[in-house]
Amino acid sequence: MRTISKRSKLVKHSPIRKMSFLADKAEGDIVSFYIGEPDFTTPMNIIEAACDALHRGETHYAPNAGFRELRNAVAKSYEPDGVQYDPETEIAVTSGGMQALNLAFQSTVDEGVEVIVSNPCFPNYIEQIKACGGTPVPVPVYEEDGFVFNIENLRKAVTDKTKMIVINTPCNPTGGVIRTNVLKQIANLATEKDLWVLSDEVYKHFNYTGEYIPTIASIQEMKERTIIINSASKAYAMTGWRVGYVLGPADLVASVIKFQEGQVSSVNSAAQFGAIEALEGTQEPLHQMIEVYQRRRDLLIDGLNSIDKISCIKPSGAFYVFTNIMETGLSSWEFAERLLDEEKVVVVPGVGFGSAGEGFVRLAYAISEENIKEGVKRIKRFVGSL
């Protein structure tokens, strides 16, 4: 019988895509805070490295696990965290962080198991877990806690069916950063209950706390139970290149490579050489981008907090502000849709990231300072008209 699978019907589109669709239909001068993508062009040294690879004939299939040179570079990038990875068996290169997530979940999630996520969280966690037959278990995180897990609430969510805790630090959509003391509490719980921890670290470099926070895998007994997801996309403005990576125990990585073979075979060869340059070449463009993001964050925070009936805490990382709109009396969808319709400003409803996101909207400050100022002006006018 010619039917679509039941599982496919369980998976929903991200609310980010819905706002993108509405924005594409809108007419006029749009100010867009919805896309979580650097507005910078990939640094020229990376582009030139990829071009050089093409000119010397790197136009063929790469190994399923990725080029050894890139896996070496990924391993070295984690040495400052005090954790050593074997490039041969403990690292796989993927088509972006999104495929890294998918392959990691496919390798660990069976029918009926539970996976703990924060509420709110990146919505693709929920959909990918469901697609693998698992059950997402959202645990609320709160503004007063910096949108970081309270360990007691996390512990209460663990059952006999729990197999994994997903952490994302710095976090999309909240900008929350899990400090080392809380990472240790999560590690202790994972060790006690024999759980996987999937650590999404694609925003790892965008940490504005002034404190170096190593990966949870660096904590004693955690490397063997941690799956790190990372990517060149955000840190090096390489979103269109689609280069990500998974770091973890050898048996987990072997499974990732096996699934990879049947999905895309291997990652674009030239893009991998660009990623090698990104990791091993000058880090000055990255440092410059981080400085720009911090300025934009402060500009946006000051602007939003000057508007009656909305407020936001200063995010410690990533490039998002999770703004409290409860005093407006509008739901997050009503706020976002009316703001787009009336003022041509695009934000993402907080409820799209989980039920605990109701009463908030997400703004990405990966846009120019000029657009931030214009967007704040329009939001102020909109809220004032309510």
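Hi everyone, let's start in the middle of the protein. The largest nonpolar core has 105 residues, and F33, I186 and I379 have the most contacts inside it. Helix α11, residues 284-305, gives this core its largest share, with 7 residues. Before I go on, please keep in mind that this is a predicted model.

Let me stay with I379 for a moment. Which residues does I379 touch, not counting those up to four places away in sequence? The list is F33, L304, I307, I310, F335, L339, V345 and L363.

You'll find N172 in the loop between β5 (162-168) and α8 (180-193). Is N172 buried or exposed? N172 is buried, because its relative accessible area is 5%, and the cut-off for buried is under 20%. Leaving aside neighbours within four places in sequence, N172 is in contact with C121, F122, Y203, Y320, F353 and R362.

Now to helix α6, residues 123-131. Why do we call α6 largely enclosed by the rest of the structure? Because 7 of its 9 residues are buried. Those buried residues are P123, Y125, I126, E127, Q128, I129 and K130, so if you are looking at E127 or K130 on your screen, both belong to the buried set under the 20% cut-off. Just after α6 comes G133, which takes a positive phi of about 90°.

Let me zoom out to the whole chain. The protein has 13 helices and 12 strands. How does the radius of gyration of the protein fit with a compact globule? A compact globule of 386 residues would have a value near 21 Å, and the protein has 21 Å, so the two agree. Along the principal axes, the C-alpha trace spans about 60 × 55 × 55 Å.

Of the 386 residues, 56% are buried. If we take contacts with a separation of 6 or more, 75% of them are between residues 24 or more positions apart.

Terms used: Residues numbered from 1 in each chain as written. Predicted model: local features only at pLDDT ≥ 70, side-chain atom pairs only at ≥ 80, totals over all residues. Heavy atoms only, no water. Helix = DSSP H or I, 4+ residues; strand = E, 2+ residues; numbered from the N terminus. Rg over C-alpha atoms; globule rule 2.2 N^0.38 Å. Buried < 20%, exposed > 50% of the residue type's maximum accessible area, 1.4 Å probe, protein only. Contact = heavy atoms within 4.5 Å. Core = buried A, V, L, I, M, F, W, Y, C linked by side-chain atoms within 4.5 Å.
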